[in-house]
Amino acid sequence: MSKKRFLIGLTGGSGPIMGVRLLEELRARADIETHLVASPAAIRTLDIETDRSWGDVRELADRVWDHKDIAAGPASGSYPLDAMVVIPASMHTASAIAWGLSSNLIVRAADVCLKERKNLVVVPRETPLHEGHLETLARLARLGACVLPPMVAFYHRPESVGDIVDFTVGKVLDQLGVAHDLFRRWEGTGE
């Protein structure tokens, strides 16, 4: 059985814990190989917002790529990837992906996913959104990306920030076709 191969891109948007939780969930599955690329701003935000070190986060991935290496494997359409998730996606990175400005590996690999018609999930982290942000996200959706903002849901009765993070990570896993039990699914009111 061949493993599914997912590339996770971490950018400097607030919320790198979402990317860490995604890596933790994927790491626990023998049928998935994870690749990771993080921008310098992501590593800085990780340090500001969490107690996780970059070294610890790197260990969650099967392979780590250099953000500046646009000649790395995932920069080519011939490199076998099943999907890519940019989580969190700063609006800077989302805009660069939307317009094909491949100045780093995260943006280039995302551009490759779009051109090769592979699953690209973008988790934008900005609020409020002005018209330029909205146009960027709409453009990403038109190009074939799944735009998945980390929206808070309440039907599963979250009790912690971790529950809220897990809801978003669960939604990402749904897009990747990966089964999970990170939140209680809505089954109606039973009335």
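Ile87 and Pro88 are joined by a cis bond, with omega about -5°. I note that this is a predicted model.

I looked for another cis bond. The one from Thr127 to Pro128 is cis, with omega near -5°. Pro128 belongs to a loop, the one running between β5 (119-124) and α6 (131-143).

**Positive phi**

Next I turned to backbone phi. Arg117 is not a glycine, yet its phi is positive, about 60°. I placed Arg117 in the loop between α5 (105-115) and β5. Is Arg117 buried or exposed? Its relative accessibility is 71%, so I logged Arg117 as exposed.

Arg157 also went on my list: a positive phi of about 55° in a residue that is not a glycine. I found Arg157 in the loop between β6 and α7. With 67% relative accessibility, Arg157 counts as exposed.

**Aromatic pairs**

I searched the whole structure for aromatic pairs and got four. One of them is Tyr155 with Phe167, which I recorded as edge-to-face, 6.0 Å centre to centre with 80° between the planes. This pair links distant parts of the chain, 12 residues apart. Tyr155 sits in the loop between β6 (146-147) and α7 (161-176), while Phe167 is in helix α7 itself.

I checked accessibility for both partners. Tyr155 has a relative accessible area of 28%, which makes it partly exposed. Phe167 is buried, at 7% relative accessibility.

What is the geometry of the rings of Phe167 and Phe183? I read 4.7 Å between the centres and 50° between the planes, so this pair is tilted. I have Phe183 down as buried, with a relative accessible area of 9%.

I then traced the links onward. Ring pairs join Tyr155, Phe167, Phe183 and Trp186 into a cluster.

**Charges over rings**

Last, I looked for arginines over tryptophan rings. I found Arg63 over the face of Trp65, 3.8 Å from the ring centre. I also found Arg139 with its charged end over the ring of Trp99, 3.6 Å from the centre.

Notes: Residues numbered from 1 in each chain as written. Predicted model: local features only at pLDDT ≥ 70, side-chain atom pairs only at ≥ 80, totals over all residues. Heavy atoms only, no water. Phe/Tyr/Trp six-rings, centres within 6.5 Å; stacked < 30°, edge-to-face > 60°. Helix = DSSP H or I, 4+ residues; strand = E, 2+ residues; numbered from the N terminus. Buried < 20%, exposed > 50% of the residue type's maximum accessible area, 1.4 Å probe, protein only. Lys NZ or Arg CZ within 6 Å of the ring centre and 35° of its normal.
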